[in-house]
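Keep the structure open while you read.

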Amino acid sequence: MDFAIKFGTSEKQRGACVVVGIFESRKLTEPAKILDDTSKGYISNILRQGDMEGKANTTLLLHGVPDIPSKRVMLVGLGKEKDFNDKAYQLAVSTTFKALHQTGAADATLFLADIPLKQRNIAWKITQTIIIATESAYRFDRLKSKPEKESSILDKATIYVNDQASLLVGEKALQQGLAIARGMSVAKDLGNLAPNICTPTYLAEQAKEMAKLYKLKVSVLEQKDMEKLGMGAFLAVARGSHQPAKLIALEYRGLAKMEKPIVLVGKGVTFDTGGISLKPPAEMDEMKFDMSGAASVFGTLTAAAEMKLPLNIVGIIPATENMPGGNATKPGDVVTSMSGRTIEILNTDAEGRLILCDALTYAERYKPDVVIDIATLTGACVIALGHMASGLMSNNDQLAEELLQASELSSDRAWRLPMWDDYQELLKSNFADMANIGGRSAGTITAACFLSRFTEKYSWAHLDIAGTAWKNGKEKGSTGRPVPLLTQFLLSRAKA
Ligand code: BES
Ligand code: MN
Ligand code: ZN
């Protein structure tokens, strides 16, 4: 879909559809009023007849409105004016695009971003519009023998602003929105892909493709390289699989070489059966999404490269399957991590932290400014925060604060959990330096505590995206989160 930002008024639009908002009960927004005046009360008459109240999640499509050059006028319900907040705006925009795709209109002009919204500026409204519009047109049908029959899809949206000054800000917000939307689509595609296709080898190939496209530096370590580095924890997870594990590194350079990079480490378990600690069969297919952390690194690097951000960024992706097998790691096995510390693997299903700990040690060689890892790490995080927020844990309050601000700005929620030393005790092992699990309580925090032992040399934050990376049920599919949060974090860093 193409987008443009323009300045102008609703009654002059000649396109296929003009979209204006109506508050409950039947209160016209400014652009709707202008259409109403120009058409001599045509719209208010229709409202008076009871065809639309202005409730959220409703639309009314009008054809041939007198004296209005646009072929169609779409009225969108905004709900009560006093309740019009971020969520209401997002809902109005998604309702609009869902409805637009059902019409024959190929283009539309939207008068929604000019509606005042407390706490959110025009840039936010535009970026959100682009993300939501792109999501509304997202399809993943490449694995179907023929694409599903659909009504035509809108291919151009013009977003109107109500003053000249907003044009410049708007244009920038448009570019950022496009970059984030592109990054999210990249992440979604990788997540949604079947696990027999999206293997560690496939991820490595994608990294090479991406490196070519955006002129990034790429390296792929093979298992023998990882053996030399002593990555015993990572390799312990890969043992049961016939698919060779890969350690992928992508380097984006937007600054001089000596500037310390931001390192993003993404969990890339392309399928998590649990290994010998086998998972129950229900919904196990969803464990193809266990590489969503990796997908978000691909997506965020895409967005950063699209915007040519003045930052140095490194993406590190440990990629493997977690499978049972004759050669697989067993509960009770003790392995030596790249850091030299030994780990008693009490549960082979706690594999994410095993691949991440070696990737986090590997990250040291980039002399990072900060390291952020992103992982579908614990089911416990879904219990704690549901599907609304990613879990955030950090050894640095300022970094945690920056990420929380980015989550607020991008409306891609995260919530911090504590990492008090007391939790570390739960990882005690009788036979090795530490165990890979801490028991049932505080599962999200003990997983982070495990990682924290490998991040002592730098500022580090951990995002547990187990609840936010994908949707289950009827709308099963990757969400592209937390690409918006991470990209906003980078944008804020680039500005500072
Ligand atoms: N990939 C899973 C976490 C997960 C589970 C994410 C369900 C989303 C939905 C992870 O590898 C895992 O299996 N974690 C275990 C840890 C436990 C054995 C300490 C879990 O959460 O059950
Ligand atoms: Mn697991
Ligand atoms: Zn996992």
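In this predicted model, the zinc ion (ligand 3) is coordinated by Lys267, Asp272, Asp290 and Glu351. The manganese ion (ligand 2) lies 3.2 Å from the zinc ion (ligand 3), and Asp272 bridges the two. The structure holds 0 disulfides.

**Zinc site**

- The site of the zinc ion (ligand 3) has 6 donor atoms and is octahedral, with angles of 79 to 175 degrees.
- Ideal angles for six octahedral donors are 90 or 180 degrees.
- Along the sequence, the donor residues of the zinc ion (ligand 3) follow the spacing K-x4-D-x17-D-x60-E.

**Manganese site**

- The manganese ion (ligand 2) is coordinated by Asp272, Asp349 and Glu351, at 2.0 to 2.2 Å.
- Asp349 contributes both O and OD, while Asp272 gives OD and Glu351 gives OE.
- Why is the arrangement around the manganese ion (ligand 2) irregular? Its 6 donor atoms subtend angles of 69 to 166 degrees, so the arrangement counts as irregular. Six donors count as octahedral if opposite donors are over 155 degrees apart and all others between 65 and 115.
- The donor residues of the manganese ion (ligand 2) are spaced D-x76-D-x1-E in sequence.

**Asp272 and Glu351**

- Asp272 coordinates both the manganese ion (ligand 2) and the zinc ion (ligand 3).
- The pair Asp272 and Glu351 links distant parts of the chain, 79 residues apart.
- Asp272 sits in strand β11 (residues 268-272).
- Glu351 is in the loop between β14 (342-344) and α10 (352-363).
- Are Asp272 and Glu351 buried or exposed? Both are buried.
- Asp272 counts as buried because its relative accessibility is 3%, and Glu351 because its value is 1%. The cut-off for buried is under 20%.

**Cysteines**

- A disulfide is a covalent bond between the sulfur atoms of two cysteines.
- How many disulfides does the structure hold? The count is 0.
- Cys357 is in no disulfide, and the nearest cysteine sulfur, that of Cys449, is 14 Å away. The cut-off for a disulfide is within 2.5 Å.
- Cys357 has a relative accessible area of 0%, so it is buried.
- Cys17 counts as buried because its relative accessibility is 1%.

Key. Residues numbered from 1 in each chain as written. Chains lettered and ligands numbered in written order. Predicted model: local features only at pLDDT ≥ 70, side-chain atom pairs only at ≥ 80, totals over all residues. Heavy atoms only, no water. Donors = N, O, S within 2.8 Å, 3.2 Å for Na, K, Ca; no water. Tetrahedral: all angles 85-135°; square planar, octahedral: opposite > 155°, others 65-115°. Helix = DSSP H or I, 4+ residues; strand = E, 2+ residues; numbered from the N terminus. Buried < 20%, exposed > 50% of the residue type's maximum accessible area, 1.4 Å probe, protein only.
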